[in-house]
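Please keep the structure open while reading.

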Amino acid sequence: ERGELPIRMYAMVGGESVERLATELPRYRVVGHANHFLTVRSIKRSVDGALGSRSAWLLEPYTDAPDSTGLVLDSLETIERTAELALKHGYQLNTHAIGDRANREVLDLYERVQRGRDGPALRWRIEHAQHLHPTDVPRFAKLGVLASVQGIHASSDGPWVPKRLGEPRAGERTYVWRSLIDSGARINNGTDVPVEDIDPLASFRASVTREMANGQRFHPEQSMTREEALASYTRNNAYAAFEEDLKGSLAPGRLADFVVLDRDILRVPDAELAAARVLHTVLAGRVVYSRAPAAR
């Protein structure tokens, strides 16, 4: 309210028991507070861990740990009870799911809880949606579930994912953005701070090239186009926060939050994307950052 928050926050309620959520959700809810600088209208749950630690919940064992299929963090019962509370109190539910078993279980749960309701209108999300069995890919569009991905993971994780999962499983199921988009799913994009650096330009580049540090590309057939990657960071992110009438596009009546880049990232060669820099950042129509001129 004093104008001291320098970025707009779309926060998720996390780490609380179902019992506490049942009593506190009405009090927590805040939408568009202080000229749209703070919104709290979603709940975060985590069904599994991560591929790197072999804690993502898989349908089949890890190739490099054949006695393990990962683990479960929040129980399915807890997530289902949370989903029912989300419906009751008008909250979005966003569930961390990385492994193919985790994603299938969450999709099953969402479908079960949403029965009789307009699933797409709820805009429930799966955070990461990293490793998907092919039969589950079309279910995102069918149920209206948003795939909340992090493009940068394909570049940073690509060198070791085949060791964890083996081929062809790694290529057929991991970071399958092209398959999701072609099936009609809506993807929103991020950086997963602090696991990755908070650099949306690096994540944009990874989304369209999937290029790893060694110069090779991790299954580039699953890449997004430049336009799709830009939409995933702008219009689709706004939609994922129920804010498409405020953000995500340059139009009269929007909040006028945007950046000016030093090159056209939709048209420059792939090799130039890594050199793209922000010249100016505009927040609510006011310039809040300008890059210092290069020394001559």
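## Burial and the model

A residue is called buried when its relative accessible area is under 20%, exposed when that area is over 50%, and partly exposed in between. The model discussed here is predicted.

By that cut-off tyrosine 175 is buried, because its relative accessibility is 2%. Phenylalanine 218, at 3% relative accessibility, also counts as buried.

## Aromatic pairs

A pair of aromatic rings is described by the distance of the centres and the angle of the planes. Ring centres have to lie within 6.5 Å to pair, and planes over 60 degrees apart make a pair edge-to-face. The count by this rule is 3 aromatic pairs. One of them joins tyrosine 110 and tryptophan 124: the ring centres are 5.1 Å apart and the planes stand at 65°, so this pair is edge-to-face. Its two members come from distant parts of the chain, 14 residues apart. Tyrosine 110 belongs to helix H4 (residues 100-114), while tryptophan 124 sits in the loop between helix H5 (119-122) and strand E5 (125-128). Tyrosine 110 has 0% relative accessibility and therefore counts as buried; tryptophan 124, at 1%, is buried as well.

Tyrosine 175 and phenylalanine 218 make another edge-to-face pair, because their ring planes are at 75° with the centres 6.1 Å apart. Through ring pairs, Tyr175, Trp177 and Phe218 form a cluster.

## Charges over rings

Which arginine lies over the face of tryptophan 177? It is arginine 210, at 4.6 Å from the ring centre. Tryptophan 177 is also a member of the ring cluster with Tyr175 and Phe218.

Arginine 186 lies over the face of tyrosine 239, and its distance from that ring centre is 3.7 Å.

## The second largest pocket

The second largest pocket holds about 190 Å³ of space. Its lining consists of Glu1, Arg2, Gly3, Glu4, Leu5, His33, Ala34, Asn35, Phe37 and Leu38. Helix H2 (residues 33-36) supplies the largest share of that lining, 3 residues.

How do the lining residues divide into nonpolar, polar and charged, and how many are in each class? There are 4 nonpolar, 3 polar and 3 charged residues.

Conventions. Residues numbered from 1 in each chain as written. Predicted model: local features only at pLDDT ≥ 70, side-chain atom pairs only at ≥ 80, totals over all residues. Heavy atoms only, no water. 1 Å grid on protein atoms, 1.4 Å probe; cavity = no way out; pocket = protein on both sides within 12 Å on 5 of 7 lines; lining within 4 Å. Points joined across faces, edges and corners; volume = space filled by probe spheres on them. Helix = DSSP H or I, 4+ residues; strand = E, 2+ residues; numbered from the N terminus. Nonpolar A, V, L, I, M, F, W, Y, C, P; charged D, E, K, R; others polar. Phe/Tyr/Trp six-rings, centres within 6.5 Å; stacked < 30°, edge-to-face > 60°. Buried < 20%, exposed > 50% of the residue type's maximum accessible area, 1.4 Å probe, protein only. Lys NZ or Arg CZ within 6 Å of the ring centre and 35° of its normal.
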